[in-house]
Amino acid sequence: MKKIEAIIKPFKLDEVKEALSEIDINGMTVTEVKGYGRQKGHTELYRGAEYNIDFLPKIKIEIVVSDKNLKAVTDIILKTANTGKIGDGKIFVYNVEKAIRIRTNDENEKAI
């Protein structure tokens with residue numbers, strides 16, 4: 001099993017969610033986060049004063065999938081979250097040793 005963490009632009013969340021549901025990936029955790037990478041934030045003008053916005057709003061999606069679904073899920077995220085502009089995000093993949101569904105005690109593949 002693999003855990004996929006994807007940091008994407010907030011307005012791309014619905015598109016990614018819909019694309020993943022088409023291949024029966026329905027469970028995910030979504031967190032509103034802030035961060036910056038190479039874009040280093042930006043400057044905004046408010047009431048005549050300039051402000052540096054160092055941390056930009058992003059969405060972090062966390063999904064645990066079987067090894068066989070890893071490529072399909074990462075490909076969908078890459079395709080749907082891509083705008084071609086700086087700040088599109090990143091995808092991280094981790095190994096998951098064990099997963100347990102609390103309600104039923106199902107483990108591993110049955111739990112996800």
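Two strands are said to pair if DSSP finds at least two bridges between them, and strands (E, at least two residues) and helices (H or I, at least four) are DSSP runs, numbered from the N terminus. The structure is a predicted model, in which local features need pLDDT of at least 70, side-chain atom pairs count only at pLDDT 80 or more, and totals for chains, interfaces and linings use all residues. Residues are numbered from 1 along each chain as its sequence is written, and side-chain values use heavy atoms, with hydrogens and water left out.

In β5, K60 is the bridge partner of T31, and seven bridges join β2 to β5 (residues 56-65), the two strands running antiparallel. These strands belong to an open sheet of four, ordered β2-β5-β1-β6 with antiparallel pairing, whose edge strands, β2 (29-35) and β6 (89-95), each pair on one side only.

Helix α1 (residues 13-21) touches β1 (2-8), β2 and β5, whereas helix α2 (residues 70-81) touches β1, β5 and β6.

Within α2, the residues L70, V73, T74, I76, I77, T80 and A81 are buried, which means under 20% relative accessible area, with exposed meaning over 50% and partly exposed in between (1.4 Å probe, protein chains only).

Notes: Contact means heavy atoms within 4.5 Å. Axes are lines fitted to C-alpha atoms, for helices over the stretch in contact, and angles run from 0 to 180 degrees between N-to-C directions.
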